[in-house]
Amino acid sequence: MLKDDERMDHIAGTTYQIIQSDNVFTYSIDAILLARFASIPLQKGQILDLCSGNGVVGMTMTERTRAAITLMELQEPLHTMALRSIEENNLCEHVTALCADLKEIKQYFAHGFFDTVTCNPPYFKQSSHEQIKENRTKAVARHELACTLSEVVESAAYVLKHSGKLAIVHRPDRLVDIIEAMKNNKVEPKRIQFCHSKASSHANMLLIEGIKGGKPGLKTEPPLMVYEEDGRYTKEFNEVYFRL
């Protein structure tokens, strides 16, 4: 089942195993935090994870909900890794994986079909002079080569129900871009949480959730610190990430 460069890793805070490869893709803290941050229906409903990679966000969410989860990933190598991990964990009746371009989302889903959309999108803008040293699969996952932040939000807004929720994990320096994209697509930012490596450091990650057609009113969650000053994980991070 595993290819030569692949390994089976444990998904933090779950009972699941996931296929990963350093040559293609490995999940980071941001993916797990997104899966725990997003407001999702607990029983019936439809959830879509865009830019789903090897499926880690969608698989992690299954421990919180009985709703149907769909993964949408452009890159075939990551899509097939997700398919095999779904099968390995007996999640085929709960999670569906689709290999498709989110810019063509109207070809696959009806307007207003999903209750929640999550996304851990490419973080870095692609400038014309930038030289990307990673292989193509890694580069597309990290840089806006195949889709932009605006296209992610536009696609999510199209498939969200009225009052449906969009949750994104990203870098703090893109906050203005995120809010602008949400506002342009009638998704009102409602919750935000900043994550810091340590209390003494600037935030290096943010989690934000908006409601389609929502009323103005943004609430800031308490910040999440990953490490104590001595390098140990904080109590709050252990609770959220490892479920300890």
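Arg84 and Glu6 form a salt bridge, their closest N and O atoms lying 2.7 Å apart; a salt bridge here is a side-chain nitrogen of Lys or Arg within 4 Å of a carboxyl oxygen of Asp or Glu. Because Arg84 belongs to helix 3 (residues 76-88) and Glu6 to the segment before strand 1 (7-10), the pair ties together parts that are 78 residues apart in sequence. Helices (H or I, at least four residues) and strands (E, at least two) are DSSP runs, numbered from the N terminus. Arg84 counts as buried at 16% relative accessibility, and Glu6 is buried at 12%. Buried means under 20% relative accessible area, exposed over 50%, and partly exposed in between (1.4 Å probe, protein chains only).

The model is predicted: local features need pLDDT of at least 70 and side-chain atom pairs pLDDT 80 or more, while totals for chains, interfaces and linings use all residues. Residues are numbered from 1 along each chain as its sequence is written, and side-chain values use heavy atoms, leaving out hydrogens and water.

The count of salt bridges comes to 12. One of them joins Asp230 and Arg232 at 2.8 Å, N to O, and both of these residues are exposed. Salt bridges with shared partners also link Arg7, Asp9 and Asp22 into one network.

The largest nonpolar core has 41 residues, and Tyr27, Leu33 and Val56 have the most contacts inside it. Such a core is a set of buried Ala, Val, Leu, Ile, Met, Phe, Trp, Tyr and Cys residues joined through side-chain atoms within 4.5 Å. Helix 1 (residues 29-37) gives the most to this core, with 6 residues. A second, separate core of 28 residues includes Leu50, Ala100, Cys119 and Leu175.
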